[in-house]
Amino acid sequence: MAPRVLVSDKLSPTAVEIFKDRGIEVDYLPELGKDKEKLLSVIDQYDGLAIRSATKVTEKLINNATNLKVVGRAGIGVDNVDIPAASRRGIIVMNTPFGNSITTAEHAIAMLFAVARQIPEANASTHDGKWEKNRFMGVEITGKTLGVIGCGNIGSVVAMRAIGLKMHVVAFDPFLSAERASELGVEKVELDELFKRADFITLHTPLTDKTRGVIDKDAIAKMKKGVRIINCARGGLVVEADLVEGLKSGKVAGAGIDVFETEPATENPLFNMPNVVCTPHLGASTSEAQENVAIQVAEQMADYLTKGAVTNAINMPSISAEEAPRLKPFIKLAEVLGAFVGQVTDEAIEEVEILFDGSTTEMNRRALISAALAGLIRPQVADVNMVSAPIMAKERGIILSEVKRDKSGVFDGYIKLTVKTSEKTRTIAGTVFSDGKPRFIQIKGINLDAEVGQHMLYTTNYDVPGIIGLLGSICAKHQVNIANFQLGRNRPGGDAIALLYLDAPFPPEVLRELRATDVILSAKPLSFDVAA
Ligand SMILES: NC(=O)c1ccc[n+]([C@@H]2O[C@H](COP(=O)([O-])OP(=O)(O)OC[C@H]3O[C@@H](n4cnc5c(N)ncnc54)[C@H](O)[C@@H]3O)[C@@H](O)[C@H]2O)c1
Ligand SMILES: O=C(O)CC[C@@H](O)C(=O)O
């Protein structure tokens, strides 16, 4: 059945065309972004949800979205999506990190000029026929210092434009390297230094616990008298009540505000204050940017829904469309290795080590680790997937480590999983053969070459004569048909294991009989999803 996507915000029609061209059924219902109840009632019909900022992807919506696999944000900020809730449900959240950066940077520069020259108020007054030439005395921006808080994609474009306008740019961004700062021609400073020196301040960080309220009354107190503040990033970065006070006192000479603490902002203390220029979250609103983000989000969502490729996901490692075919069998391998250990483990898992040998070191290891964790946790939590598994592992306090090693054996590469619980340490290794199918190549340190079957029985036993006969006769007595058999041992007379391939799940009463023998140490039925 073709995947179904709902577009619940206003997106360029190109996105709809792309979905259709890629064989995806699409419903374009932009009014649903503002109609929470209706959206809640239909969301279970969709595999994908394409949004801008009006749709709020809340935990409640996610809980109703029983088929949803991907949320695509045509834009940058994903603060309208409950990412932890989506991740717990295994839903990928993607954004389009570059498509509207230039447009938003240009809006910030437009705000800079609008506030420097009071253009909106001068415009309104002139339209009113007042000709108030003396009322609107502006300031030049040439030679002035611009303080950029957050020098990422948008902040750096703003910085470059401002340098072109002959401003001096100081930037505060804990993640800005000295090399990048010098490449951009900005001076990297601490926040207090920026407050002290900037004539204009522009914000370009995400809204996080660290950045919330970065411009408050204490920050304003540290600024130059006559500073002008621009916010085209997120409402909440500026404490609006404190900015109002700063404007009233004359400490702040003007502000350009595109984003608000509460949106849609239909009333706000900043409205109608002198030299406060407000726009209704228009930063990304150019035809070019909207075309870019719509195309990008539709391509990314279609790639995921039709090919399993993951690009620009917030909660999942990327998998390119090119690498997806080669990676897919190894993802399956990592998952079955995890699933094997997960099914034989009854105690709480404390530590997981994933060893990548040879060619697997060059692969997308984050994706492989997520797959191994998903397999490991699934016996306890059925609906875990590669998105939710790393979070669940973290929530369970599992310590995760990764080891990379050059090719060390006969295989081009393999993956080995070591799982430590309070009781014991279990190891299993596997590889993918040229037929694209995963194989177990070592269990408990015992080498073997075993395919993965849908229904299996795993036993540990003493290496004594008669094991095959014993297993065979007990199974035969209960009409359990053995399709195949694999044995392995560490040394003659030492530890041994057996893997039985069965046509149906292993009946519990037969297990009891097997465990009652004095040569079978443990017997665990296993099942694997062997579908490609
Ligand atoms: N107004 C709009 O319509 C509009 C459009 C696009 C983006 N945005 C918003 O603009 C913001 C920036 O977007 P971007 O694409 O440049 O993001 P980005 O991730 O490329 O850049 C953000 C920068 O902020 C920095 N940062 C993080 N924490 C910081 C802190 N505590 N102090 C200082 N810097 C910090 C990061 O290191 C990064 O360099 C986002 O909030 C985004 O949602 C708004
Ligand atoms: O979709 C929009 O208009 C706003 C987008 C913007 O806030 C973003 O974070 O990309």
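In these legends, Ala, Val, Leu, Ile, Met, Phe, Trp, Tyr, Cys and Pro count as nonpolar, Asp, Glu, Lys and Arg as charged, and the others, Gly among them, as polar. This is a predicted model, in which local features need pLDDT of at least 70, side-chain atom pairs count only at pLDDT 80 or more, and totals for chains, interfaces and linings use all residues. Residues are numbered from 1 along each chain as its sequence is written, while chains are lettered from A and ligands numbered from 1 in the order in which they are written.

**View 1. The shell around ligand 2.** A residue belongs to this view if its C-beta atom, placed from the backbone, lies within 6 Å of the molecule. Around ligand 2 you will find Arg52, Ser53, Gly75, Ile76, Gly77, Asn100, His281, Gly283, Ala284 and Ser285. By class, this shell holds two nonpolar, seven polar and one charged residues.

View 2. Helices (H or I, at least four residues) and strands (E, at least two) are DSSP runs, numbered from the N terminus.

**View 3. A six-stranded open sheet.** Follow the strands in the order β14-β13-β15-β16-β17-β18, with mixed pairing; two strands pair if DSSP finds at least two bridges between them. At the edges stand β14 (399–405) and β18 (446–451), each pairing on one side only. From one strand to the next, the twist averages 20°; angles run from 0 to 180 degrees between N-to-C directions, and axes are lines fitted to C-alpha atoms, for helices over the stretch in contact. Strands β13 (residues 349–358) and β15 (residues 413–421) run antiparallel and are joined by nine bridges, with glutamate 351 partnered by lysine 420 of β15. Parallel pairing links β13 and β14 over seven bridges, where leucine 355 stands opposite valine 403. Strands β15 and β16 form a hairpin with three residues between them.

View 4. Helix α13 lies across β15, β16 and β17 (438–443), at about 155° to β16. Helix α14 touches β13, β14 and β15, and its direction makes about 140° with that of β13. Contact here means that the C-beta atoms of two residues, placed from the backbone, lie within 7 Å. The axes of α13 (residues 324–344) and α14 (residues 365–377) come within 6 Å and cross at roughly 35°. Their contact includes Leu327, Phe330 and Ile331 of α13 and Ala367, Leu368 and Ala371 of α14. It has 16 nonpolar, three polar and one charged residues.

View 5. An unreviewed UniProt entry lists "domain: ACT" at residues 456–528; UniProt positions are given in the numbering used here, feature names are shortened, and annotations may be inferred rather than shown by experiment. The end C-alpha atoms of this span lie 8 Å apart, and the span is 27% helix and 42% strand.

**View 6. A four-stranded open sheet.** The order is β20-β21-β19-β22, with antiparallel pairing. Because β20 (482–489) and β22 (520–527) stand at the edges with a single partner strand each, one side of each is left without a neighbour in the sheet. Eight bridges pair β19 (residues 455–462) with β21 (residues 495–502), and tyrosine 458 stands opposite leucine 499 in β21. Helix α17 (residues 508–516) packs on the sheet, touching β19 and β22.
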